[in-house]
Amino acid sequence: MSKNKPVVMIGLMGSGKSTSGRLIAEALGLPLSDSDQYLQERHGATSAPIAAREGKEALHRYEAEHVLEELAGEPKVIAAAASTLENAEVRAALREAFVVWVDADDAVLAERMRTSKHRPDYDPGEMRARRERYFREVADLVCDVGVLSPEQVRDEVLGKMSLPAVDRD
């Protein structure tokens, strides 16, 4: 596998898609495209305000557009919103990417999101029930971020892509 293939980070909120994605992008010398930044730049707000202003359907449409637009461009690392996996067109497009599912136990994800203003009513169990089958369908690699650090996720991805780990000296 080469670094000329896009890498897409998927997982529930609090799983560290952006953090691990940033490290992977740096190691591969590729840009990172993050869903939150995309929403802010294109739609003037992050997910919670967009959902409040336009509804969840509009938010999920914008999040799917993010992934589809970025997959159509030059290779990069994409931190995708979990909702995008509910879209069949996105799942089909992900066949051309290397997909990394960062996951942890629901208690770990809930704790990470407890103090977040991003989504204070977050229930990872409910989201997992809706989306886990899609994560399993598209993932090329699963990383348990309950036990792996972002740096270890990066190294797992590089190893799976048959690329050397980052020198930490």
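Two strands pair if DSSP finds at least two bridges between them. Helices (H or I, at least four residues) and strands (E, at least two) are DSSP runs, numbered from the N terminus.

I noted first that this is a predicted model, where local features need pLDDT of at least 70 and side-chain atom pairs count only at pLDDT 80 or more, while totals for chains, interfaces and linings use all residues. Residues are numbered from 1 along each chain as its sequence is written, and side-chain values use heavy atoms, with hydrogens and water left out.

I looked up the sheet. Five strands make an open sheet, in the order E2-E3-E1-E4-E5, with parallel pairing. Strands E2 (32-34) and E5 (141-144) stand at the edges with a single partner strand each, so one side of each has no neighbour in the sheet. From one strand to the next, the twist averages 20°.

I then checked E2 and E3 (residues 77-79): they run parallel and are joined by three bridges. Ser33 has Ile78 in E3 as its bridge partner.

H4 lies across E1 (7-10), E2 and E3, and runs at about 180° to E3. H7 (residues 124-138) touches E1 and E4 (98-103), its direction making about 145° with that of E4.

Last, I looked at H2 (residues 35-43) against H4 (residues 56-72): they pack at an angle of about 110°, with axes 10 Å apart. H2 and H4 are therefore roughly perpendicular (65 to 115 degrees). Among the contact residues are Tyr38 and Arg42 of H2 and Tyr62 and Glu69 of H4.

Note on methods. Axes are lines fitted to C-alpha atoms, for helices over the stretch in contact, and angles run from 0 to 180 degrees between N-to-C directions. Angles under 35 degrees count as roughly parallel, over 145 as roughly antiparallel, 65 to 115 as roughly perpendicular and the rest as oblique. Contact means heavy atoms within 4.5 Å.
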